[in-house]
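Dear colleague,

I am passing on a structure for you to look at, and my notes on it follow below. Please keep it open beside you as you read.

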Amino acid sequence: MKIQLKNGLLPLKQRSAIERPEGGEQPWPPLATFISSPQPNRYNDVMIQVKNLIKVFGTKVAVDDISFSVEKGEVLGFLGPNGAGKSTTMRMVTGYFRPTSGSISLCGIDMLEKPEEAKFRLGYLPENAPLYSDMTVASFLGFCAEMRGLHGADRTKAIDRVLDMCFLDNVRNQSVDTLSKGYRHRTCFAQSIIHDPDVLILDEPTDGLDPNQKHEVRGMIKRMGVNKAIIFSTHILEEVEAACSRAIIIDRGKVVADGTPESLKKLVPGANSLDEVFRSITKPDTTHKKAA
Ligand SMILES: Nc1ncnc2c1ncn2[C@@H]1O[C@H](COP(=O)(O)OP(=O)(O)OP(=O)(O)O)[C@@H](O)[C@H]1O
Ligand SMILES: [Mg+2]
């Protein structure tokens, strides 16, 4: 099916046709949308503003009209089943993917109009972060610091700070290609915070870490969240309770819940954990076909 955008938006008729499975007579069952009442504005400083974001790949609507904002001092957990559209949304927020339609602003700077200025305020840990494998950890971080405009003593200070924060000091002179998976991941994390950005987008930052490091990274995210706006995706729901002031659950490209971890737990009667809420309001990837 050919997708035709009208004024940058997908006409509703085509969207519902895409959402419906091939040859299926029934439309997808409507998603129950649980949005808890808006939280009082505790921070008054919107750092990330996403409006009506849509991303279409061929005939696939990966992100379907997502809007949210994150204020300074908030750590937002970004949850959803595999394929829900978390990484795609994050890639758009970081300027890595251009949205099919919608708008993004970081610290009041429009990502589509002034991408370089907006990206300057941002740190990003991608899902499969690339590393220069022939560099040592310290030289890689030095390179990243320079890319972020840090030179001389500022560069040295920034490298030492992140080596210390990410527990990388003992491998500072080790070549990246000889690092274990967890240390590689920590090196990627370190590059995302080398310039002490106002906004941090972390795609599964604790993936592949051992339990001690998971605990450390959660604590670090929580501490950094005091004066930054942070979005991080995870499949570990206890992490949300440990580190997030708020969480959004997305399913098949749409926001289906938004609230504090405590308020989300009250959305589903009888649910005792975020895990139960998650399972009640999202559909595993494998059931999409059956729903047809
Ligand atoms: N570059 C691309 N080209 C085509 N389809 C894509 C592309 N990137 C993502 N998709 C599709 O968009 C949908 C959302 O993918 P995305 O990676 O955002 O999911 P996710 O929520 O991050 O999942 P996971 O939990 O597995 O990381 C998937 O169906 C995926 O196959
Ligand atoms: Mg992902």
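Which element gives the largest share of the shell around ligand 1? That share, three residues, is supplied by α2, where helices (H or I, at least four residues) and strands (E, at least two) are DSSP runs numbered from the N terminus.

Please bear in mind that this is a predicted model, in which local features need pLDDT of at least 70 and side-chain atom pairs count only at pLDDT 80 or more, while totals for chains, interfaces and linings use all residues. Residues are numbered from 1 along each chain as its sequence is written, and chains are lettered from A and ligands numbered from 1 in the order in which they are written.

The residues that surround ligand 1 include Phe57, Lys60, Asn82, Lys86 and Thr88, and a residue belongs here if its C-beta atom, placed from the backbone, lies within 6 Å of the ligand. Both β3 (60–71) and α2 (86–93) supply at least two residues of this shell.

Pro81 sits in the loop between β4 (75–79) and α2. Pro81 counts as buried because it has 21 C-beta neighbours inside 10 Å; the cut-off for buried is 20 or more other C-beta atoms within 10 Å of the residue's own, with C-beta atoms placed from the backbone. Although Pro81 and Thr234 are 153 residues apart in sequence, their C-alpha atoms are 9.9 Å apart in space.

As for the whole protein, its secondary structure comes to 11 helices and 11 strands, and buried residues make up 38% of its 292 residues.

With best wishes

Methods:
A residue is buried if 20 or more other C-beta atoms lie within 10 Å of its own, exposed if 12 or fewer, and partly exposed in between; C-beta atoms are placed from the backbone.
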